[in-house]
Amino acid sequence: MKRLLPFCLVSCVAVAQGVNPAILLNPPADSWPAYHGDYSGQRHSRLTQINPQNVGQLGLAWAFQSGQQQQIKASPLLVDGVLYITVTDNVWAVDARSGHQLWHYTYPPNKGFHIGSRGVSMYKDWLYFMTPDAHLICLNASDGTVRWNVVVADSAKGYWTTMSPLVVSNHVIVGVSGDFDNLTGFLKAVDPETGKTQWRWDSTPPAGTPDATTGGMTWMTGTYDPALNLIYWGTGNPTPVLNGKARPGDDLYSCSIVALNPDTGKLKWSFQPSPHDTHDWDAVETPVLVDGDFKGKPRKMLMQTSRNGYFFVLDRTTGESLLTTTFGPVNWSKGVDKKGQPIPNPDKEPAPDGRLIAPDEGGLTNYRSPSFDAKTGLFIVDAHPSYGIYFAKPAEGSFGWAGADYGVWGKAVLDAIDYQTGKIRWSHELGPNGAGAGVLTTESGLIFTGDAQGNVLALRTADGKTLWHAGAGSPMQSSPITYELDGRQYVVTSAGGVLFSWALPE
Amino acid sequence: MLASLFMQKSLMTLLATACFAMAQTPGVFLQQCGFCHGRDAAGGEEGPDLTRSKLVAGDTGGDKIAPVIREGRPEKGMPRFSLSDADMAAVVAFIHDQKTKAEAQVGKRRGVEVADLQTGNVAAGRTYFNGAGKCASCHSPAGDMAGVATRFEGLKLEERMLYPRGAKAKVTVTLASGEKTTGELVYRDEFTIGLRDSARHYRSWPTSKVKFTIDAPAEAHADLLAKYTDDDIHNLMAYLQTLR
């Protein structure tokens, strides 16, 4: 009995424990307990069962059909052998070994924008789900029943929500969307037990402040450094969107990366990828946290491939710039200032007769995750070299979009950026227009992503060579995850409304 | 019961019902279409202004709009939507309603008027066409470009000038046997090449098993994008608009 007891304790704890702070700080191999998989946002897995030698044998373990018209744009969570996946208004719990459905929750019909859901987040045995009409729903993970439902923002004013909240200790940190109106962006920390607001941080001044911007929406999940106790968040474009005259100056803190204390919401530092943006280039792309050498000195870094076409490396303790460079065609700036921030060229603001701008409105990359591979020092990103034409005229006013823009041309490439120099070590063509797939790297030297036509790809991290592919019927509009259960590694990707789980033959 | 009754009704009947309902609420349009096409259907993130759309102008009771919604426009990033007949009718009615409203507005419209694109210089545009732009190496004002300004105008003309989406490309595939097949390029990804041959038959091969060369002259437009100044574009537009 004495011998059995420790085993029982271990296995009992491992069977059903939900998500606690220890799991989020150091996620076990049999979990993907948060949007990015861990707090770093590297979307890099230590798993090595699937490797460059055997990936050619990868096959379908199972598929889950959501039965919905909407495309999956969410990253699934995996906790205690159960996957949680969403599309707008819908959450499913799915057996991660077989793909069969355990329960399905449907949010009541509502008038919010139904543009996507990036997934749920989890604290203990509770799931947190955001809705098109800007509510935060707390669900019981065991059966999908509603525990509480709180309003995060007023959807009647033009807010909506899509993001997967960031859970840090006893805070559920939520952000909002809403750039069709002149609205203030903000982050809120919510009590996971009660739904009560703990703090609120506003990214821009209240609507109606003279000569001031609004906007700076907070629609993507941030990252967290437990040692510095700082969360890192990207903010969206200013409003009015294409007319910058109504909001002179830099328009802080729109298009910014901010470091906040998760317990108080107090700002520690900020860095602005797009001062005075007039092209809708949200700086919400994952702020990836990396500890490593930078030009001979150990650094705690933050890296972002930003929608505006720039790759930034910052010291995340202070916000000091270490490297600023472009990773594709960019024609809207006059260079970089002393702080490492691009200087917008006023001649490239939208105009009545049009301005040709690189990249286009979708940006050189967008919300799907990049990945960082420490072994090769490569930052891997789904890039969209592109051009658009931007128009704005006084008659269009200074509210909401306040102009018009049109994509002209674009293509999709996977770029591997050397983080110390910003140079692109290799590029892998992914097809016309854009691919939009997120990126996962694994410690065995593999990349999982997708192309513009709907192929799921496994590439060798070192040189970008294709080692495996499968036609999934529709481009991946989410970011892949991986986990190991019962000694078997699974890679989960989505296409359309279907979730695919890939594994080696048993 | 309600659903089955709806199925038997024609789209036109539903349209009449929906028109009334839509006057109060944008409903399905707002939820499913509003993010890209704007709450008022006059353009949003990436989606065009539907109130100025030629397709909408030529639509009767959804005969043009509904197929686009059902099939999507994957090449432009628009997904397919499978709406119920009732929802489809509501969306169609809403778009027509917004078009009527937008046309009643004078001088306050978002979007691009033909008059906005008249800031260029015709002579400079002609010089660019024949010189730096190398347009004349493929196009001729008396040949393929004759009357181009009567076929396209304003933003449509400028968009086609910058990059003609959907322009046909030719591909020649050489099989392992040495046999060559030439046709219109229909599909290409990293793994598959597909063409329509002279008999209009579709044929495809794994890219690893064949050699192929693609002749896509329109791609020269993409190469120019990095070279244009905004003045070059406005001047070229001015010149093209003289080709009537």
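In the hairpin of strands S23(A) and S24(A), with 5 residues between the strands, A:Gly319 has a positive phi near 85°. This is a predicted model, where local features need pLDDT of at least 70, side-chain atom pairs count only at pLDDT 80 or more, and totals for chains, interfaces and linings use all residues. Residues are numbered from 1 along each chain as its sequence is written, while chains are lettered from A and ligands numbered from 1 in the order in which they are written.

Strands here are DSSP runs of E with at least two residues, helices are runs of H or I with at least four, and both are numbered from the N terminus. Two strands pair if DSSP finds at least two bridges between them.

| Strands | Residues | Bridges | One facing pair |
|---|---|---|---|
| S12(A) and S13(A) | 171-175 and 186-190 | 4 bridges | A:Gly175 and A:Leu187 |
| S23(A) and S24(A) | 310-315 and 321-326 | 5 bridges | A:Tyr310 and A:Thr326 |

The S12-S13 pair sits inside an open antiparallel sheet of 4 strands, ordered S11-S12-S13-S14 in chain A. Its edges are S11 (166-168) and S14 (197-202), each pairing on one side only. From one strand to the next, the twist averages 20°, with axes taken as lines fitted to C-alpha atoms and angles running from 0 to 180 degrees between N-to-C directions.

Now for the packing. A nonpolar core is a set of buried Ala, Val, Leu, Ile, Met, Phe, Trp, Tyr and Cys residues joined through C-beta atoms within 7 Å; buried means 20 or more other C-beta atoms within 10 Å of a residue's own, with C-beta atoms placed from the backbone. The largest core holds 131 residues, and A:Met303 is among those touching the most other members. Leaving out residues up to four places away in sequence, A:Met303 touches several residues, including A:Val288, A:Phe312 and A:Tyr419. A second, separate core has 30 residues, including A:Leu242, B:Tyr128 and B:Leu236.

Between the chains, 37 residues of chain B are in contact with 33 of chain A, contact being C-beta atoms, placed from the backbone, within 7 Å. On the chain B side, helices H3 (27-37), H9 (154-162) and H11 (230-240) each supply at least two residues, and H3(B) gives the largest share, 5 residues.

As for chain B as a whole, there are 11 helices and 5 strands, and buried residues make up 27% of its 244 residues.

Terms used
Buried ≥ 20, exposed ≤ 12 C-beta atoms within 10 Å, placed from the backbone. Contact = placed C-beta atoms within 7 Å.
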